[in-house]
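Here is a short report on one helix and on a set of recorded positions. Please look at the sequence and the structure before reading on.

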Amino acid sequence: MHGNPVPTPIGATVLGYPRIGARRELKRAVESYWAGRIDAGALQETARDLRAQTWAELRDGGLDSIPGNTFSFYDQVLDTATLFDAVPDRYRALELSELDTYFAMARGRDGVEPLELTKWFDTNYHYLVPEISPGTRFRLAGDKPVAEYREAAALGVRTRPVLLGPVTFLLLAKRAAGAPAGFRPLDTIDQLVERYAELLARLADEGADWVQLDEPAFAADRTDEELATLGRVYDRLTGLPSRPRLLVTGYYGELGAALPVLARTGIEALGVDLVAGASAAGQLAETGGLLDKILVLGVVDGRNVWRTDLRAALRACTALTEVGRELAVSSSCSLLHVPYDLDAETDLPGEVRARLAFARQKVAEIVLLRRALTEGEAALDAHGDTTLPAPGRDETVRSRVGALNHADYDRGAYPDRAQAQRDTLDLPAFPTTTIGSFPQTGEIRRARADLRAGRIDATAYESAMRSEISAVVARQEDYGLDVLVHGEPERNDMVQYFAEQLDGFAATEFGWVQSYGSRCVRPPILHGDVSRPAPITVEWSRYAQSLTERPVKGMLTGPVTILAWSFVRDDQPLGDTATQVALALRDEVADLERAGIRIVQVDEPALRELLPLRQRDRASYVDWSVAAFRLATAGAADATQVHTHLCYSEFADVIQAIDGLDADVTTIEAARSRMEVLADLREAGFARGVGPGVYDIHSPLVPSTADIAELLQSAAGAVPADRLWVNPDCGLKTRGYGEVEPALRSLVAAARSLREQH
Ligand code: GLN
Ligand code: ZN
């Protein structure tokens, strides 16, 4: 610890900050770079500006300790992989510049597949999965954290470099293809830790007095061996002769068994999530042995957009005064998951805005809380009104919820439904269908933009959508599909579209958050009781059905997915909110039936996403999420066929939940894992219709009839013939007709050949 005998206090801090730019400047710059419109120098310049803005903002905001290395061109896990040279050979072989190798790993290039993209814990952020093999030789290949430390220092800002911790890094990695089956990435930990040791020494040389190491993997259940590894790693790192002080954080939940392990190590500070970890505070008090450590208390929610109850947060902090050597106040996790600045929003209703805090406002809350911790609660009074207005209440919704009973969640017995549906639908064996969306062409997007900008009126927009729907219906008849869709041209996004038409939601103008790489989403804000002022999808579906004799599926987004992709009120259990959303959807299902729709699909692609990290919390999640889906769909008549669709994940942990949904037909992503999910479903006793995706729509490759027939054969071995459906593995909106048309023709041909064999 050179040069600076008096270390910076942690005091008030955040664990990380958004990096895409308040106006998505980074998104624009990287996309321009990929398109060849700007060169690497211009891209680096934008990056430097954004970093400088962030540091200035955090310093001016009054934080005592400012996180560094929070910038990323794409993803912090990928940054860590390249920093330590965990670059698979297929990218090295491309012989690109460092920057282009990095982007090749993120996006693929010249026929070389990118790293796998997967969900970051239980958030809506996605990271790139490092590939590790016994041959991986870690090397401190880059100097990003050091360079950014230096860059900030040159601007007069002392930062606390943030690194993904070595144990979490390896727990998030996967075994490289070709590595022996028994090998686990964590087997390489000792080698990796020595490279972290080198990096810490370099940061110390540079003058860094604190480094933050994030170990969120320990907010999930971990084996004894993994816990022991955690202890060993931090014993090793704290034992280094020359190093900065270490703040180790574990967020998105409680540290549980990892807490005493970290307490025993020589780390100087421990960051805990007191928002997601309901009993984290109690655990801290019980664990003890923390008197030599600074406790960095994550009391301001880094994942949601609500203002903090400052008095409650202050009480939570004060209660821990005797537990640690010193208390610091912070966000519960990085603020990466929230938009930049509430002040940029001009259209939010006042009563909603009064309850909100985005990243900048959260920094102010943290600074104020830290002050109140030393000066006493009076500091809060000086700040003004700290009471939080209550969410909007809708007594009609409340009494409807209160009157629900068991029957509202149950449909008739499946065999009776199946018979009634066979009678009304009269479908061939192995019916063919799609997941809902068809290509969102430039024309469709333009019509939507024109409507928004007032260049066309609602009537013109409607007629543009109708002609699109009629073209999509005609195409499907031509391809020979059995169950048709209207194509979803009117939907910008499967959640936003519903949020815009339900009461209880608000939309932001600039509330973008990074989902992965340059992709950002603008989640709706679910702020009050939810209800449906008018039918949402019915006219489009009715129109589509009027064009064809074949059944057209009505297409809805399920309650769990609507919650997963929104910022949701946190003043009541998620399950209560899900019930309200489900009731709105239930009315929509009823209206679709009345409009002559015989099949309704309720998509739940995010069912897996909200599954709690810890086993002990999962049963109650499955209870409420399954109940919400059933409430949304159980009003349907026996003869109405209810479909659901799931994707984006491995389903092993939610198989029982999928069965519990009680949908008549479940279409599910399966092509990439070669139908693996079917065996799991069968084992769980799942005995209704299933449509395993027979081709991967995320890839531009067009499957041949033989490709699809092969997958169908293996599916037919796992699912009885009268329950097997034939469909792609997700919606087609991101593809073009050049791929969609031949792919769907192959799909229909493969289904027909299967019919002939049976
Ligand atoms: N019905 C939606 C679509 O086809 C489903 C999207 C999804 O599963 N993510 O686009
Ligand atoms: Zn999907």
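C520 sits in strand β14, residues 519-521. The model is a predicted one. Leaving aside residues up to four places away in sequence, C520 touches I20, R24, K27, W512, V513, Q514 and S515.

W565 lies in the loop between α22 (559-564) and β17 (567-568). W565 is buried, with 22 C-beta neighbours inside 10 Å. Its contacts, again without residues up to four places away in sequence, are N124, V495, P523 and A606.

| Residue | C-beta atoms within 10 Å | Class |
|---|---|---|
| W565 | 22 | buried |

An unreviewed UniProt entry lists R24, E25, L26, K27, K119, N124, R519, C520, W565 and E609 under "binding site". These span 586 residues in sequence, and the farthest two C-alpha atoms are 28.4 Å apart, so they do not all gather at one spot.

Helix α27 covers residues 705-718, which is 14 residues. At 1.5 Å a residue the helix should span 20 Å, and its end C-alpha atoms are 20 Å apart, so the two values agree.

Which residues of α27 are buried? They are I708, A709, L711, L712 and A715. They lie on the same side of α27, because they cover an arc of only 165° around the axis. Among the elements covering them are α26 (676-683), β21 (689-692) and α28 (737-757). The face turned away from this buried side carries the exposed residues A706 and G717.

Technical notes
Residues are numbered from 1 along each chain as its sequence is written. Chains are lettered from A and ligands numbered from 1 in the order in which they are written. This is a predicted model: local features need pLDDT of at least 70, side-chain atom pairs count only at pLDDT 80 or more; totals for chains, interfaces and linings use all residues. Helices (H or I, at least four residues) and strands (E, at least two) are DSSP runs, numbered from the N terminus. The expected span of a helix is 1.5 Å times one less than its number of residues. A residue is buried if 20 or more other C-beta atoms lie within 10 Å of its own, exposed if 12 or fewer, and partly exposed in between; C-beta atoms are placed from the backbone. The arc is that of the directions from the helix axis to the C-beta atoms. Two residues are in contact if their C-beta atoms, placed from the backbone, lie within 7 Å. UniProt positions are given in the numbering used here, feature names are shortened, and annotations may be inferred rather than shown by experiment.
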